[in-house]
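Student: I have not looked at this one before. Can you walk me through it?

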Amino acid sequence: MLWAEFPPGLGATIDFPYSCEERMSDVSQDNSRRRFLTAVTSGVGLAGCAAAVVPFVSSMTPSARARAAGAPVEVDISKLEPGQMMTVEWRGKPVWIINRTDEMLADLESMGEKLADPDSAEPQQPEYAQNKYRSIKPQYLVVVGICTHLGCAPTKKFEMGAASGVTDDWKGGFFCPCHGSMFDLAGRVFRNVPAPTNLVVPPYSYPDESTVLVGVGPEGVA
Ligand code: FES
């Protein structure tokens, strides 16, 4: 599935019988009545299109509009158990927050030779996440859930070994079904897969122990 830049629902659910452009094209083909019809039906057509869109946009809540515009997103992680993952939306993109277990963190240490950029040399994360866990707190990974190849949504694969359906020695991570890219539990991309870089770590911070603020770093900068 390609992840659209639009907020979920916007655009995809507006289903006209035919487009505004088609309405205008039909009108222009009838030369004998062109002026009259252009004056009348283009006004009606455009008004109809606008009428269909405006109620939809205005039906968004203020918080939904703010999210769509890129406001920081505050996330309560107090109920996120070890081994669990949650997804929030920030700037129209899915952001994953994963509570990694001690075993998951230990496995990250042994991934080195399988990875294309094990030390996160590429600027796919803020400086404060350029470490072996790619995170501020080792326990929590915060990462944009969009494949760095062509923008598909990778699938969570936390099962170990053959049970994952990925590889027999799989240690947990994410698999992109579009072209087979693999990422570990720090969002680091494997070697020899189509995706060129690690998953993106967005700016984020912890206003308190149980809250993640996506969109604003520890220094207060987006
Ligand atoms: S989009 Fe993920 S592998 Fe191509």
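Predicted model: local features only at pLDDT ≥ 70, side-chain atom pairs only at ≥ 80, totals over all residues.

Student: OK, how many helices and strands are in the chain?

Tutor: Four helices and nine strands. Reading from the N terminus, the order is α-α-α-β-β-β-α-β-β-β-β-β-β.

Student: Which strands form the open sheet, and in what order?

Tutor: Three strands form it, in the order 2-3-4, with antiparallel pairing. Strand 2 (85-90) and strand 4 (140-144) are the edge strands, each pairing on one side only. On average, neighbouring strands of this sheet are turned by 20 degrees against each other, direction ignored.

Student: How many bridges join strand 3 to strand 4?

Tutor: Five, and the two strands run antiparallel. Strand 3 covers residues 93-99. As one example of a bridge, Trp96 has Val143 in strand 4 as its partner.

Student: What does strand 6 pair with?

Tutor: Strand 6 (residues 173-176) pairs with strand 5 (residues 155-157) over three bridges, in the antiparallel sense. Lys156 stands opposite Phe174 in strand 6. Strand 6 also pairs with strand 7 (residues 181-184), again antiparallel, over four bridges. There, the bridge partner of Cys176 is Ser181 in strand 7.

Student: What sits between strand 6 and strand 7?

Tutor: Four residues, and the two strands form a hairpin. Gly180 in the turn has a positive phi of about 85 degrees.

Student: Switching to the core. Which residues touch the most other members of the largest nonpolar core?

Tutor: Leu141, Val142, Val143, Leu185 and Val214, out of 28 residues in that core. The elements giving two or more residues to the core include strand 3, helix 4 (102-108), strand 4 and strand 9 (211-214). Strand 4 gives the most, with four residues.

Student: Why would such residues sit together?

Tutor: In soluble globular proteins, nonpolar side chains tend to be buried together.

Student: And what does Val142 touch?

Tutor: Leaving out residues up to four places away in sequence, Val142 touches Val95, Ile97, Ser135, Val201, Pro202, Tyr204, Val212 and Val214.

Student: How much of the chain is buried?

Tutor: Buried residues make up 23% of the 222 residues.

Student: Now the loops. Is Ser120 buried or exposed?

Tutor: Ser120 is buried, because 21 other C-beta atoms lie within 10 Å and the cut-off for buried is 20 or more. Ser120 is found in the loop between helix 4 and strand 4. Not counting residues up to four places away in sequence, Ser120 touches Gln125, Gln130, Arg134 and Asn198. The C-alpha atoms of Ser120 and Arg188 are separated by 7.7 Å, while the two residues are 68 residues apart along the chain.

Student: Where is Gly151?

Tutor: In the loop between strand 4 and strand 5. Gly151 counts as partly exposed, because it has 15 other C-beta atoms within 10 Å; that number falls between the cut-offs of 12 or fewer for exposed and 20 or more for buried. Gly151 and Cys178 are 27 residues apart along the chain, and their C-alpha atoms are separated by 9.3 Å.

Notes
Residues numbered from 1 in each chain as written. Pairing = 2+ DSSP bridges. Axes fitted to C-alpha atoms, helices over the stretch in contact; angles between N-to-C directions. Core = buried A, V, L, I, M, F, W, Y, C linked by C-beta atoms within 7 Å. Contact = placed C-beta atoms within 7 Å.
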